[in-house]
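Q: Got a chain here I'd like to go through with you. Can we start with the surface and then pick out a few residues?

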Amino acid sequence: MCDHKQGCLKPEYLQGKPEECSPEQVRKCHGEVKEHPCVRRTEKD
């Protein structure tokens, strides 16, 4: 698995880096959230 996917909660939907996900993609994967959880997770790691 690629390094940039390690922080992703839904790697099966990831098409690039988590921080590149569009708002529509974030809603598809995580529902209505204020921040993209995968981006926060990646920054902490």
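Q: What does the accessible surface of the chain come to?
A: About 3,600 Å². Carbon and sulfur atoms account for 45% of that accessible surface. Keep in mind that this is a predicted model.

Q: How many helices and strands are there in the chain?
A: The chain has 2 helices and 0 strands.

Q: And what share of the residues is buried?
A: Buried residues are 27% of the 45 in the chain.

Q: What about contacts between residues at least 6 apart in sequence: what percentage join residues at least 24 apart?
A: That comes to 29% of those contacts.

Q: Switching to single residues. Where is glutamine 25 found?
A: Glutamine 25 sits in helix H1, which covers residues 23-30.

Q: Is glutamine 25 buried or exposed?
A: Buried, because its relative accessibility is 17% and the cut-off for buried is under 20%.

Q: Which backbone oxygen lies 3.4 Å from a polar atom of its side chain?
A: The backbone oxygen of tyrosine 13 is at that distance from the side chain of glutamine 25.

Q: Now proline 23. Which helix has it?
A: Proline 23 is placed in helix H1.

Q: Buried or exposed, that proline 23?
A: Proline 23 counts as exposed because its relative accessible area is 52%, and exposed means over 50%.

Q: How far apart in space are proline 23 and valine 33?
A: From C-alpha to C-alpha, proline 23 and valine 33 are 9.7 Å apart. In sequence, 10 residues separate proline 23 and valine 33.

Conventions:
Residues numbered from 1 in each chain as written. Predicted model: local features only at pLDDT ≥ 70, side-chain atom pairs only at ≥ 80, totals over all residues. Heavy atoms only, no water. Helix = DSSP H or I, 4+ residues; strand = E, 2+ residues; numbered from the N terminus. Buried < 20%, exposed > 50% of the residue type's maximum accessible area, 1.4 Å probe, protein only. Contact = heavy atoms within 4.5 Å. Areas by Shrake-Rupley, 256 points an atom, 1.4 Å probe, with all protein chains shown as cover. Polar contact = N/O pair within 3.5 Å; in protein donor to acceptor, adjacent residues only side chain to side chain.
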